[in-house]
Amino acid sequence: MIEFRVDRRCGVATYLQLVQQVKQALRLGLLGPGDRLPTAREVVERTGINPNTVLKAYRELEREDLVEPRPGLGTFVRRSLAAPGAAEGSPLRADLLAWLDRARSLGLGREDVEALFQAVLDREF
């Protein structure tokens, strides 16, 4: 089951952070069709956010046809966004881990790596 993390200082609306985290978990194969998302009550207990915020995020995911509510049972994943190269244990992921090790050995910190990656990503896509 996914564990949501909320960063109140990042400037991104809380419900969008939840949506983004679910989509990321779907892309990485951490969540798949049939998996249940935590209930709004569970998310509220773990994060302290407003229940309406959780429900807004879940409605957005439903609108995008990624999840479906099942009355009395919870909210379940409808479809995956996973690409084979992003899955745990994929060669591409191993290459990225090796690249990160190399970047760290050259003294780059998280913010440096993020900036470099974002610059290349923006140029290529």
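Leaving aside its neighbours within four places in sequence, which residues is Gln21 in contact with? The points below start from the overall model and return to this residue in point 4.

1. Basis. This is a predicted model, in which local features need pLDDT of at least 70 and side-chain atom pairs count only at pLDDT 80 or more, while totals for chains, interfaces and linings use all residues. Residues are numbered from 1 along each chain as its sequence is written, and side-chain values use heavy atoms, with hydrogens and water left out.

2. Overall layout. The protein has five helices and two strands; helices (H or I, at least four residues) and strands (E, at least two) are DSSP runs, numbered from the N terminus. Their order from the N terminus is α-α-α-β-β-α-α. The C-alpha trace spans about 50 × 35 × 25 Å along its principal axes. Of the 125 residues in the protein, 26% are buried. Here buried means under 20% relative accessible area, exposed over 50%, and partly exposed in between (1.4 Å probe, protein chains only). Contact means heavy atoms within 4.5 Å. Among contacts between residues at least 6 apart in sequence, 52% join residues at least 24 apart.

3. Nonpolar core. A nonpolar core is a set of buried Ala, Val, Leu, Ile, Met, Phe, Trp, Tyr and Cys residues joined through side-chain atoms within 4.5 Å. The largest one has 19 residues, and those touching the most other members are Val22, Leu31, Leu37, Tyr58 and Leu61. At least two residues of this core come from each of α1 (14–27), α2 (40–47) and α3 (51–63). Helix α1 gives the largest share, five residues.

4. Gln21 lies in helix α1 and is buried, at 9% relative accessible area. To answer the opening question, Gln21 is in contact with Ile2, Glu3, Phe4 and Arg5, once neighbours within four places in sequence are left aside. Val22 touches Ile2, Phe4, Leu31, Leu37 and Leu61, not counting residues up to four places away in sequence.

5. Leu37. This residue sits in the loop between α1 and α2. Leu37 is buried, with a relative accessible area of 0%. Beyond its neighbours within four places in sequence, Leu37 is in contact with Ile2, Val22, Leu31, Tyr58, Leu61, Val67, Thr75 and Val77. From C-alpha to C-alpha, Leu37 and Gln24 are 14 Å apart in space, and they are 13 residues apart in sequence.

6. Packing of α1 with α3. Two packed helices are described by the angle between their axes and the distance between the axes. Axes are lines fitted to C-alpha atoms, for helices over the stretch in contact, and angles run from 0 to 180 degrees between N-to-C directions. For α1 and α3 the angle is about 45° and the axes are 8 Å apart. That makes α1 oblique to α3; angles under 35 degrees count as roughly parallel, over 145 as roughly antiparallel, 65 to 115 as roughly perpendicular and the rest as oblique. The crossing of α1 and α3 is right-handed. A crossing is right-handed if the near helix is turned clockwise from the far one by less than a right angle, and left-handed if anticlockwise. In α1, Thr14, Tyr15, Leu18, Val19, Val22 and Lys23 meet Thr53, Val54, Lys56, Ala57, Glu60 and Leu61 in α3. By class, this contact of α1 with α3 has seven nonpolar, two polar and three charged residues. Ala, Val, Leu, Ile, Met, Phe, Trp, Tyr, Cys and Pro count as nonpolar, Asp, Glu, Lys and Arg as charged, and the others, Gly among them, as polar.

7. Packing of α2 with α3. The angle between α2 and α3 is about 125°, with their axes 9 Å apart. The two helices are therefore oblique to each other, and α2 passes α3 in a right-handed crossing. Ala40, Val43 and Val44 of α2 make the contact with Pro51, Val54, Leu55 and Tyr58 of α3. The residues of this contact of α2 with α3 divide into seven nonpolar, no polar and no charged.

8. Arg41. Arg41 is placed in helix α2 and counts as exposed, at 62% relative accessibility. Arg41 and Asp95 are 54 residues apart in sequence and 39 Å apart in space, C-alpha to C-alpha.

9. Asp65. Most residues other than glycine have a negative phi. Phi of Asp65 is near 60°, a positive value in a residue other than glycine. Asp65 is found in the loop between α3 and β1 (67–70) and is partly exposed, with a relative accessible area of 37%.
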